[in-house]
Amino acid sequence: MKNLIYIELYKLFGSTRTYVTFGIAIALMLIINLGMYMEGQEIFDFLLESVNEYFYVEGKVLNGYLITYLALNTLWVHIPVLIVIIAASIFAGEFELGTIRLLLTQPIGRGQLLGAKFIAMVSYNLVFMLITVISALLPAYLLFGAGDLVVFLDGIQFIQEATFMSRLGLALGFATLSMIAFSCLGMIFSLIFKNTLTSILLAMGILILSTLLQKFVFGVFSSWQPFLFSYHFSKWQLFFMDSVPVSSILESVGFMIVMILVLTLISYLKFKKMNITE
């Protein structure tokens with residue numbers, strides 16, 4: 001099993017496609033940081049005009065921690081797109097190249113093969129999210145420095161500089177769990193349809209539909225929110241509130257874990273019943 005995991009990790013991290021997704025994420029973060037460096041102060045002066053009527057804001061509001069928060073907040077759609085590209089290709093790529101038949105003729109249990117690919121997919125998610133956060137935080141810190149964080153979320157939240165890194169770490173862990181759950185969706189589609197592009201489109205279609213239902217909540221749609229991916233994905237922001245709503249976060253963590261288990265189980269059942277000639 002250990003050798004099988006090494007092989008899957010080698011295939012995943014030896015693929016040009018994997019490093020293209022890393023490069024795109026880094027480029028996006030650098031572009032956002034550069035844009036905020038050039039025009040960010042004017043934008044925030046405009047946004048703070050109404051606040052200054054009621055509060056006296058002392059210190060450097062536009063700092064690296066705020067830029068990091070905003071940069072990550074703007075990529076809530078782009079990050080799943082990049083991640084699902086790899087998740088969908090883990091199995092669909094094998095079907096498209098015809099190598100799946102060779103794999104299935106080897107003395108390897110299908111559960112072991114699925115487990116190895118799942119571990120490789122989780123490893124990719126961990127590395128991708130870590131690279132994304134570092135590429136957002138490092139240039140922002142170098143360009144703007146550190147400082148207290150002011151977040152316009154359910155009112156105005158003031159986060160002390162000393163607690164920012166711990167909150168960012170928790171948000172990173174939560175966001176990574178969310179992306180693993182979404183990757184499992186791409187994985188199951190790749191097993192069913194055996195095509196990378198189809199799997200990506202279906203996974204993104206579900207995310208877009210989920211987002212639309214969440215944004216236009218009215219009447220019966222309001223009861224659907226706890227079952228929407230986007231509803232739970234967005235809760236990483238709650239780690240940047242003065243009083244973190246732990247119960248709400250744990251609810252979403254439970255949802256993500258259940259989705260990972262259910263989708264992985266369905267993938268295993270589908271893969272186990274698959275004929276070698278498919």
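**Helix packing, aromatic pairs and pockets in a predicted model**

Y124 and F128 stand four residues apart in helix α7, which means that about one helical turn separates them. The model is a predicted one, in which local features need pLDDT of at least 70 and side-chain atom pairs count only at pLDDT 80 or more, while totals for chains, interfaces and linings use all residues. Residues are numbered from 1 along each chain as its sequence is written, and side-chain values use heavy atoms, with hydrogens and water left out.

The chain contains eleven helices and two strands, taken as DSSP runs numbered from the N terminus (helices: H or I, at least four residues; strands: E, at least two). Their order along the sequence is α-α-α-α-α-α-α-β-β-α-α-α-α. Of the 278 residues in the chain, 46% count as buried.

Helix α11 comprises 28 residues, 246–273, and extends 41 Å from its first C-alpha to its last, close to the 40 Å expected at 1.5 Å a residue; the expected span is 1.5 Å times one less than the number of residues. Buried residues of α11 are S248, I249, S252, F255, M256, M259, I260, L263, T264, S267 and F271. The elements that cover these buried residues include α5, α6 (99–104), α7, α8 and α10. In the loop between α8 and α9 lies K194, which has a positive phi of about 60 degrees although it is not a glycine. K194 counts as partly exposed because its relative accessibility is 22%.

A pair of aromatic rings is described by the distance of the centres and the angle of the planes. Rings of Phe, Tyr and Trp (its six-membered ring) pair if their centres lie within 6.5 Å, and planes under 30 degrees apart count as stacked, over 60 as edge-to-face and the rest as tilted. By this rule, 13 aromatic pairs are counted. Y69 and F240 form an edge-to-face pair, with 5.3 Å from centre to centre and 70 degrees between the planes. Because Y69 belongs to helix α4 and F240 to the loop between α10 and α11, this pair ties together parts that are 171 residues apart in sequence. Y69 is buried, at 7% relative accessible area, as is F240, at 1%. The pair formed by Y124 and F128 is tilted, at 5.8 Å centre to centre and 40 degrees between the planes.

Y65, Y69, F164, W236 and F240 make up one aromatic cluster. Within this group, W236 is situated in the loop between α10 and α11 and counts as buried because its relative accessibility is 10%. Apart from neighbours within four places in sequence, W236 has contacts with Y69, L72, N73, A171 and F174. The C-alpha atom of W236 lies 8.1 Å from that of I249, a residue 13 positions away along the chain.

The largest pocket holds about 420 Å³ of space. On a 1 Å grid over the protein atoms alone, a pocket is an open set of points where a 1.4 Å probe fits, with protein on both sides within 12 Å along at least five of seven lines, and lining residues have an atom within 4 Å of a point. Grid points are joined across faces, edges and corners, and the volume is the space filled by probe spheres set on them. The lining of the largest pocket has 23 residues, with L72, W76, F233, S234 and W236 nearest its centre. Two or more lining residues come from each of α4 (64–73), α5 (78–97), α7 (110–144), α8 (161–193), α9 (196–215) and α10 (229–233). The largest share, six residues, is supplied by α8. By class, 14 lining residues are nonpolar, eight polar and one charged; Ala, Val, Leu, Ile, Met, Phe, Trp, Tyr, Cys and Pro count as nonpolar, Asp, Glu, Lys and Arg as charged, and the others, Gly among them, as polar.

The second largest pocket contains about 360 Å³ of space. It is lined by 16 residues, of which K11, S15, S89, I90 and E94 are the closest to its centre. At least two residues of this second lining come from each of α1 (2–13), α2 (16–47), α5 and α7, and α5 gives the most, with seven. The lining of the second largest pocket comprises five nonpolar, five polar and six charged residues.

Note on methods: Buried < 20%, exposed > 50% of the residue type's maximum accessible area, 1.4 Å probe, protein only. Contact = heavy atoms within 4.5 Å.
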